[in-house]
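Hi,

Here is the structure for your next look. Please open it first; my notes come after.

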Amino acid sequence: MAAAKQNDEELFDAEFLERLKALALRLRKRKQLRRKGIQSTPATGFTREFKDFRHYTGNEDYRAIDWRLYARLDRLFVRLYEEVQEFHVHIAVDTSGSMVGPFPEKRITALKIAVALGYMGLIGNHRVSLYSIGEDSSEPTQPLKGRGSLQRVLDFAQGLEFGGMTNLERSFEKFAPTRRRYGIIFVLSDLFGREVDEAREAIRHAARWPGETHFIQVFHPNEEKPDFDGEIELMDVETQEQRRLWLTPRDRQRYEDRFHQFLSEIEATCRSRQIDHQKWRTDYPFDDLFLDLLSRGSALASGAS
Amino acid sequence: MQFLYPQFLWLLLLGIIPVMLYLFRRKSKKVRVSTLVFFKTLAKEHQESAWLRRLKKIVSFVLTILMLSFAVFVLSRLIAKQDDPDRYRTIVILLDRSASMGVADEGGNSLLDAGKDILRARLAKVPEEVGVSLIAYDVRPEVLQPRTLNRRELISRLEGVDLRPMADDRSSAVEAANLIAGLETPTAIWHASDRPLFSLGEEGEDSGLQLPEGITVKELTLAQPEVTNAGITAFQIRPVPLEYSRYEVYTQIALNSDAAEPVTSRLEVSVGGVPNQFREIDLEPGERVGITFRLDGVSEQLLHLHLKTEGDAFALDDDVTVSLPESRPILAAWIREDESEDPYTRFALSAVQESGRFELLMGGPDAWPLSEEVDAVIFDGWLPEEWPEDLPAIVINPPGPSGPVLARALPNPIPYDAVRVGSEEHPVLFRVGSSRVAVTQTAVFQSAGSLEPLWLVGQEPILAAGEVKGRRLVLMGFSPGQSERLPLTASFPLLIGNALLWIVDRDMESGGLHQHSTGDLVKIEGKEVSWKQWENGELKTRRVPFSSGVFELDRVGAWESDIGEKGSSHILSAVESSLPTAKNGEVTIPEYFQVEGGASGGLKLWLLSGLLVILLVEAWFFHRLAVY
């Protein structure tokens, strides 16, 4: 399959960047509505996020005394600020042929998610590492940090070449961030392997990954519900393997059932290994799914400002 | 290969439909997918290679075309070979059931039985679509089964054909067979008999006779290897003229031409069950011997002739059984102008009358027309203006023309010393001495037509006899009274007597004994006929009821109806008795009728079997190993 590159303008136009900012704002508001995030850390630090008060003790830095409160209450109190932990955000994008053909919407969606996650990571002052997985897992980019690194994220997405085979087993086995880079791992893939059960087997490796793991399974609606029937000659976009079928409505229903079963099995496998799994159909509203992804307890959400 | 109904071949055009469907079939869509693994698990059992798919498509197309072709061929009735013996659309079985087919072999199996067996076996090989008719014939043909495709019914009819003791009449049988054969040609006439229809025809080969186009005769000639048959081929009996209770019998004995050697036959005659006489006759193969003998008896007595020959193979022609005919006196009327003019005729008639065989009524012209029924009339010197067409007559000295008598009286009679005999063997001149006759011609007449001149003077006939409109007539152009010697000799009464016997001969026969050939249809009044037949040396009587006025004489023997009509029927056929033998003394079945080996010409069964196989193959390919 010919490699495909994502057009920078198409993918990250001004509107999309505005949407990302809006998403970050919505995420912050949502977080504030909750008194405490489930994933927020109990540690305090020197961030600007006020967390609590406590009595001043002599061993503490006097600069931490809230003099306004002393004036009102005539007692010394120290302001406690929430410490925001610094994570590594690992974003792995499946660049196999099935992610670009026959439905290029999958590639667009995956890259949008990747960029959005990267953006969230950067504005959350996390280190962002980007990967591509296919037949193998690529070496990660240098960890990116700060809003200024967004362009590099975009460059990465722009430079990704789609095509080739999928080897989930090997990719996931090789994809193993070091403990030093403990953090949040996002895997953007359709999880279509050479065999139906390949993804489930491969997910076992993900249990060893250091950090919070999210599998975002991207698929096209026509992959869930084929829109053809009758005598057809199928050709696999990766292996070029051909199969001739006479697809009846009954067979189509069987296919849908099998696909749903596949999704359910992936979800169950992830759940059993404390891994988050998100089905991402390309025709679903991007914003809602993205918010839902981060609002379900991701540590990344807590870092959004 | 040949199609019996080629008009159905246009249905092959239907093959365009599968051809078009094959050429313009919907191509399968090619779809690129990323989820082939799911489709593979879905239809794992249906996967097959591309070459097999292509092969199946071609096989499917070929099978469809084959199936259509086979179906059309079945409809068109495809026959295997052009020169196949059963390429015909119709077969007419012409089966001889005459008496000679009753000749049996040592096992008691008659030629008719053998013929039926061969035909039945041969019919089993005739393709179903060929219609078959069955005609059995003896003296007349009988269509037992019109053209049918129902073999069981046909075989049943064939089995029901029984022997009939009759001679055969092939011309009418062939005519009937041609009539049916011509309805739907090409037709084969299977002729099963002991003799081929036409002498030119060889066994199993087409005969040389010119038959209507499309009709062929296949001969199945049945014969025993060696047959000896001596039979009675002719019989006649009549009362001896001028003798009381005596009968003269003529019979002809013949030996078949194919007999191996000469034989000596013994003819036994019994009257009323009592042996009367016997004769031994030496016969050469093919020889016919006529025997005449006299016997005494009275009417109603049963005369039985039985011919015994060693090794005789055919019994039906060995017996003749008749009732002795009634010997009623002949009643004649003598009409004369004036009795005194010619006493000699009266004397002659009186002499005849004394024999007891004649009764005479006499009268003048005023007695005409007669008030009584007579057997004959004698016009002497007078003729009625209106000729009696229903009576045999003797005309003596005609005065002029009347009816068939074209005569003119001579004003001056001419005496002749002698006459020239025209036909010495004629019954009217039996024992009449023509050499010493001196007559005086009194009239001239025309003897043209059916009148045969018996005596002539110069070129003129003076005595003639013949038949006019079914009645016999004897014409005498002389006057006995004016002749010199004739009335004084015994020849004149004999001449008168012979003439009387001869002219009424037929009527006497019909009034007494009816001799018929078997198979004749006779009009009989009454409701029952009693048959007297000789069987195994015993006389048996059987009563046969009948309802219509016409009765078929289907037995050999003497019969009598319940109201007294009687007669006899016999085969009496030289052809029927001359039994043929197999050529070279070997019984062989013509090749055409042999059933061993060779397949039936019809391909219907094969084609239908082919259709079934195609359906099975197609079902196996496309259902068991289905393409999905």
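Below is what I found, starting with conventions.

This is a predicted model: local features need pLDDT of at least 70, side-chain atom pairs count only at pLDDT 80 or more, and totals for chains, interfaces and linings use all residues. Residues are numbered from 1 along each chain as its sequence is written, while chains are lettered from A and ligands numbered from 1 in the order written.

Interface. 26 residues of chain A are in contact with 20 residues of chain B (C-beta atoms, placed from the backbone, within 7 Å). On chain B, strand E2 (29-33) and helix H2 (36-42) each supply at least two residues of the side touching chain A. H2(B) gives the most, with seven residues. Helices (H or I, at least four residues) and strands (E, at least two) are DSSP runs, numbered from the N terminus.

Strand pairing. E2(B) also pairs with strand E7 (residues 230-236) of chain A, in the parallel sense, over five bridges (pairing needs at least two DSSP bridges). There, B:Lys30 in E2(B) stands opposite A:Glu233.

Helix H4 of chain A. H4(A) is largely enclosed by the rest of the structure, because 16 of its 19 residues are buried. Buried means 20 or more other C-beta atoms within 10 Å of the residue's own, with C-beta atoms placed from the backbone. A:Asn125 follows H4(A) and has a positive phi, near 60 degrees.

Chain B overall. Chain B holds 10 helices and 32 strands. Of its 628 residues, 40% count as buried. Among contacts in chain B with a separation of 6 or more, 73% join residues 24 or more positions apart.

Best wishes

Terms used:
Contact = placed C-beta atoms within 7 Å. Buried ≥ 20, exposed ≤ 12 C-beta atoms within 10 Å, placed from the backbone.
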